[in-house]
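Please have the sequence and the model open while I talk.

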Amino acid sequence: MDFKRFMPVAAFFVLVSMTTIAQKQLTLHYDKPAANWEQTLPLGNGRLGMMPTSGITDDQITLNDITLWSGSPQDANNYDAYKKLPEITQLLLAGKNVEAQNLIDKDFVCKGPGSGGKQWGCFQTLGNLNLKFDYGNADASAYTNYHRRLSLNNAIATTSYKVGTTTYTREYFTSFSGDVDVIRLTADQPGKLNLSIAMDRKERSTTTTKGNTLQMQGRLDNGTDGNGMQYIANAKVKLSGGTLTADDNKLVIKNATSAIIYLSATTDFRDADFKTRMTQNLTSSMLKPYEQLKKEHIAKFQKLFNRVTLDLGKTDDSETTDQRLITFHNNPDADKLLPVLFYQFGRYLSISSTRVGLLPPNLQGLWANETHTPWNGDYHLDVNVQMNHFPVEVNNLSELNLPLVELVRGMVKNGERTAKAYYNADGWVAHVITNVWGWTEPGESASWGVTKAGSGWLCSNLWDHYAFTDDKAYLKSIYPILKGSAQFYNSILVKDPKSGYMVTAPSSSPENSFMMPDGSGRHASICIGATIDNQIMRELFANVINASETLGIDPDFRAQLKKRLTEIPPAGIISKDGRIQEWLEDYAETEPTHRHVSHLYGVYPASEITADGTPELAEAARKTLNVRGDDGPSWSIAYKLLFWARLHDGNRAYKLFHELMKPVTATGINYSAGGGIYPNLLSAGPPFQIDGNFGAEAGIAEMLIQSHEGYINLLPAIPDCWKAQGSVKGLKARGNFTVDITWKDGKVISYLITSPQAKKVKVKVNGKFEVINSHKSLS
């Protein structure tokens with residue numbers, strides 16, 4: 001069989017028929033209303049979001065706008081902090097880590113309350129749209145034939161049920177074409193639709209009716225004078241039959257047969273004319289026939305969603321999704337489709353929570369039901385926002401990386417001030433957390449807030465977009481960002497007299513601590529040369545060298561970085577017990593099963609430690625993961641899944657996927673074990689954090705294709721339970737290649753690699769290397 005050129009005709013038709021079946025089954029479905037928010041189904045168009053409970057008498061629909069933030073820009077830099085840096089460095093080099101940490105807490109963190117303050121702000125819910133139904137003399141509690149669904153194929157949720165002799169149907173979508181929320185309500189008997197429509201928000205809102213328009217508006221707290229971000233939401237209705245009136249700040253529908261609710265919402269984030277835009281969106285959407293608006297919505301969504309199909313075999317999906325989670329947890333081999341559903345749900349969430357020109361998804365994507373979201377619903381830079389973007393390139397959603405690029409671009413000027421204030425350094429830096437206001441300062445506590453891996457790690461995401469697209473114009477646009485980050489790390493290095501390495505000081509491994517080796521029982525987080533810093537610098541310096549050569553610029557700085565790569569610590573140092581050391585010193589961990597595994601950054605997302613290229617370090621990484629354990633919050637489990645996939649252990653990666661998919665209902669904040677999945681397939685820390693969804697989505701792709709070692713590796717970590725047969729179409733590889741694979745009994749039986757221009761590419765197929773010419777893409 002000629003793997004290099006053509007997919008066999010028979011295999012092609014098998015692929016088409018199998019993936020068509022698989023796509024038809026991409027539905028979440030339930031047989032009862034959502035009892036709480038963690039059971040509701042997420043809808044979004046990259047800006048607006050809504051999550052309906054779809055109750056019989058009450059349908060509470062949580063509303064979101066990804067730009068709705070409290071707080072405001074602030075300068076919390078301590079401009080005298082750099083004066084303390086020599087003393088902090090000397091304490092660390094003398095092994096006085098606790099004393100150095102105390103000094104940092106006193107003089108080297110941000111000014112003010114940091115992320116705990118009102119000016120920091122948080123991502124907030126827009127509020128609720130509340131539908132209350134009246135069934136007259138019919139007994140609503142005796143409803144039958146209830147079905148609630150979310151179709152991932154067309155981004156539409158539906159609900160249907162019967163009360164008395166009447167069947168009621170609801171259809172919800174957040175329009176990708178009209179930029180409004182749309183809800184269509186129908187009864188199959190004339191005049192049987194009766195309900196009221198209201199809007200509310202727990203704070204800082206006013207709801208009124210103007211004619212037959214329902215309006216909610218308000219202004220959030222900016223943390224200073226109270227006059228923060230403004231927002232507005234208007235709802236209007238089209239009726240078939242019956243009457244529409246306004247009463248007591250509600251819209252009341254009586255004796256209708258169908259009703260279409262349109263809701264338009266905007267904020268003044270980067271838009272002084274936001275009220276006009278809200279009105280325009282509402283008016284233009286209502287002018288279109290419903291079916292046309294729906295058709296345009298589906299077409300625009302599917303332009304992104306339909307790029308990738310995955311099939312792992314047929315399965316019985318008659319169980320409701322919440323029950324399937326339970327069944328899968330008891331017997332993961334019995335349901336081949338649930339991993340496909342969860343993978344495509346991740347792609348659905350990426351598309352639904354990201355829009356070019358707006359903000360990247362935050363800790364909650366764009367879905368929140370609180371005015372103060374957990375951890376402020378912000379952007380954590382020590383894995384979380386990066387994990388949100390791990391899957392977009394490989395899963396053929398490359399443009400969804402661009403909002404993150406612009407968020408980072410907007411941080412650079414602030415980061416330059418922070419670099420000078422704390423380190424008297426060149427370039428720019430960001431630490432552990434940021435918000436829409438461009439925060440780059442350290443956090444308010446040394447134990448976690450001074451980790452400065454954030455800026456370098458963000459540059460890894462930015463580089464990935466270039467690596468996958470091969471877009472030289474994009475590379476030129478981000479080069480100043482990459483260079484500025486490299487300048488910062490290059491200019492802060494000090495020589496460790498013990499090891500001779502040039503290291504970062506102060507340093508820390510995100511959110512973790514170690515025991516002091518003096519037997520005192522004390523512990524610290526601050527050190528010199530934490531492993532993650534070394535791995536990030538190695539990756540960043542190499543990428544800037546590459547970019548400088550590609551663009552033909554900065555030869556002197558390129559030479560500096562090449563020299564630095566010989567002076568900084570290696571990607572990993574193996575400890576006495578055979579693991580990768582988390583710190584330059586072989587400290588004892590205070591928590592061996594800590595949720596962060598930051599010292600394996602070199603395994604993923606970087607390629608400093610690889611299964612084929614650095615086998616000794618790869619084995620040390622495996623031992624590290626075995627000690628760390630498989631439990632944790634969902635994002636941590638997903639990250640470990642990614643590590644095992646990169647280490648080519650498909651069965652262990654799948655074990656982590658199974659661990660992640662355990663059903664949970666808890667919503668309280670958890671920092672250690674106990675992650676899982678809510679009934680609506682959103683990942684639980686708990687509480688809900690969307691990074692677990694995105695991390696697992698990326699992990700499934702890494703099990704099927706990898707391209708970080710300079711070649712395309714097909715099925716590098718496929719688990720035994722997926723080997724019988726399967727296919728995937730549309731995955732991306734670095735170099736702007738699109739890859740289709742069909743396999744049987746764990747062996748690739750056909751593959752197709754395309755690119756905008758035909759070119760040579762190295763491929764690993766069934767354990768053997770081949771150099772082939774890619775096919776030129778048809779479009």
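Let me start with the second largest pocket of this predicted model, whose lining takes at least two residues from each of helix H12, which covers 454-469, helix H14, which covers 531-551, and strand E34, which covers 760-765. Which of these gives the largest share of the lining? That is H14, with five residues. In total 25 residues line the second largest pocket, and those that lie nearest its centre are Ala467, Ser707, His708, Gly710 and Arg734. The space in this second largest pocket comes to about 490 Å³.

The largest cavity contains about 140 Å³ of space, and among the 14 residues that line it, Phe390, Asp464, Phe468, Tyr604 and Arg734 are the closest to its centre. Helix H12 gives the most to the lining of this largest cavity, namely four residues, and you will remember that H12 also supplies at least two residues of the lining of the second largest pocket. Arg734, likewise, is listed among the residues nearest the centre of that pocket and among those closest to the centre of the largest cavity.

Next, the nonpolar interior. In soluble globular proteins, nonpolar side chains tend to be buried together. Here the largest nonpolar core has 235 residues, and the ones with the most contacts inside it are Leu129, Ile197, Tyr348, Tyr423 and Tyr639. If we take Tyr423 as an example and set aside residues up to four places away in sequence, it touches Tyr82, Leu85, Phe108, Thr418, Val429, His431, Val450, Lys452, Phe488, Ile492 and Pro506. There is also a second, separate core, which has 11 residues, including Phe173, Ile260, Met286 and Ile298.

Now for a group of strands, which I will follow in order of pairing. Strand E1, residues 27-30, runs antiparallel to E6 and is joined to it by four bridges, with Thr27 having Ser151 of E6 as its bridge partner. Strand E6, residues 144-151, in turn pairs with E7 in the antiparallel sense over six bridges; within that pairing, His147 stands opposite Ser160, and Arg148 has Thr159 as its partner. E6 and E7 form a hairpin with four residues between them, and Ala155 in that turn has a positive phi of about 55°.

As for E7 itself, which spans residues 156-163, it is mostly covered, with six of its eight residues buried.

In helix H19, residues 691-704, we can check the length against the geometry: at 1.5 Å a residue, its 14 residues should span 20 Å, and because its end C-alpha atoms are 20 Å apart, the two values agree. Is H19 mostly covered or mostly open? It is mostly covered, for 14 of its 14 residues are buried. Gly692 lies in this helix, and because its relative accessibility is 0%, it counts as buried. Leaving aside neighbours within four places in sequence, Gly692 is in contact with Ser634, Trp635, Ala638, Leu660 and Ser683. With Ala638 the separation in sequence is 54 residues, yet the C-alpha atoms of Gly692 and Ala638 are 5.8 Å apart in space.

The other helix is H15, residues 555-564, where we find Arg564. Why does Arg564 count as buried? Its relative accessibility is 17%, and the limit for buried is under 20%, so Arg564 falls on the buried side. Not counting residues up to four places away in sequence, Arg564 touches Asn490, Leu493, Met502 and Phe541.

Conventions: Residues numbered from 1 in each chain as written. Predicted model: local features only at pLDDT ≥ 70, side-chain atom pairs only at ≥ 80, totals over all residues. Heavy atoms only, no water. Expected span 1.5 Å × (residues − 1). Buried < 20%, exposed > 50% of the residue type's maximum accessible area, 1.4 Å probe, protein only. Core = buried A, V, L, I, M, F, W, Y, C linked by side-chain atoms within 4.5 Å. Contact = heavy atoms within 4.5 Å. Pairing = 2+ DSSP bridges. 1 Å grid on protein atoms, 1.4 Å probe; cavity = no way out; pocket = protein on both sides within 12 Å on 5 of 7 lines; lining within 4 Å. Points joined across faces, edges and corners; volume = space filled by probe spheres on them.
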